Amino acid sequence: MAFNKVILVGNLVADPELKQTPSGVSVATFRIAVQRRFAKPDDAVQADFFNIVVWRQQAEFVSRYFTKGSSAVVCGSLQNRDYTDQNGQKRTFTEIVADEVTFAGSRRNDGQQRQGDNMFYGQEPPQQGFGSGARPAQAAESNFEEVGEDDLPF
């Protein structure tokens with residue numbers, strides 16, 4: 001069994017480039033920057049850059065609605081391509097072939113992303129969660145209800 005799935009949330013570093021194959025199929029390429037989750041307190045924020053290719057209607061959608069700086073969620077698979085450069089050297093190129101590209105974050109009427117918007121649909125980020133240092137007493141203050149063993153259906 002093989003599994004190749006990539007999900008990235010980042011910002012476009014340039015406008016997408018839309019092209020047509022000789023048979024008329026739309027293909028768009030773009031690059032996104034994804035911030036690294038962890039950094040030392042005294043280090044600047046670091047990012048990784050990923051090449052994305054998207055085909056057909058998704059390519060047209062991306063080229064129409066995304067521009068440099070847009071936040072995007074990219075779902076797809078990792079793919080390697082081999083080619084020979086101008087000097088005859090064999091090179092390998094890694095890219096994400098996107099099945100789906102969607103918006104990450106909300107926009108104001110003037111098109112600018114609001115300060116503090118979450119990456120997913122404009123919701124505020126959770127104040128508690130994995131790695132947040134939340135104590136059980138803090139979790140009890142949330143909307144969750146404690147369930148005992150007698151309440152479980154199995």
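Buried means under 20% relative accessible area, exposed means over 50%, and partly exposed is in between (1.4 Å probe, protein chains only). A caution for myself: this is a predicted model, where local features need pLDDT of at least 70, side-chain atom pairs count only at pLDDT 80 or more, and totals for chains, interfaces and linings use all residues. Residues are numbered from 1 along each chain as its sequence is written, and side-chain values use heavy atoms, with hydrogens and water left out.

**Rings**

Next I looked up the partners of Phe66. Phe66 and Phe103 form a stacked aromatic pair, 4.7 Å centre to centre with 15 degrees between the planes. I noted the rule: rings of Phe, Tyr and Trp (its six-membered ring) pair if their centres lie within 6.5 Å, and planes under 30 degrees apart count as stacked, over 60 as edge-to-face and the rest as tilted. This pair links distant parts of the chain, with Phe66 in the loop between H1 and strand S5 (71-84) and Phe103 in strand S6 (residues 90-103), 37 residues apart. Phe103 comes out at 37% relative accessibility, so I wrote it down as partly exposed.

How many aromatic pairs does the structure hold? I found four. One of them is Phe61 with Phe66, which is edge-to-face because the planes sit at 75 degrees, with the ring centres 5.8 Å apart. Phe61 has 23% relative accessibility, so it counts as partly exposed. Together, Phe61, Tyr65, Phe66 and Phe103 make one aromatic cluster.

**The chain as a whole**

I then stepped back to the elements. The protein chain has two helices and six strands, in the order β-β-β-β-α-β-β-α from the N terminus on. Helices (H or I, at least four residues) and strands (E, at least two) are DSSP runs, numbered from the N terminus. Helix H1 covers residues 56-65 and includes Arg56. I checked the backbone of Arg56 too: its phi is near 55 degrees, a positive value in a residue other than glycine.

Of the 154 residues in the protein chain, 23% are buried. For contacts (heavy atoms within 4.5 Å), I looked at those with a separation of 6 or more, and residues 24 or more positions apart account for 54% of them.

**Leu12**

Is Leu12 buried or exposed? Leu12 counts as buried, because its relative accessibility is 3%. I located Leu12 in strand S1 (residues 6-12). Leaving aside neighbours within four places in sequence, Leu12 touches several residues, among them Phe30, Ile32, Phe66 and Ala72.

**Charges**

Last, I went through the salt bridges, and the structure holds four. The cut-off is a side-chain nitrogen of Lys or Arg within 4 Å of a carboxyl oxygen of Asp or Glu.

- Arg36 and Asp48 meet at 2.7 Å, N to O. Arg36 is in the loop between strand S3 (26-35) and strand S4 (47-55), and Asp48 is in strand S4, 12 residues apart.
- Asp85 pairs with Arg91, the closest N and O atoms being 3.0 Å apart. Asp85 counts as buried because its relative accessibility is 19%, while Arg91, at 41%, counts as partly exposed.
- Lys19 pairs with Glu17, with the closest N and O atoms 3.2 Å apart. Lys19 is partly exposed, with a relative accessible area of 49%.
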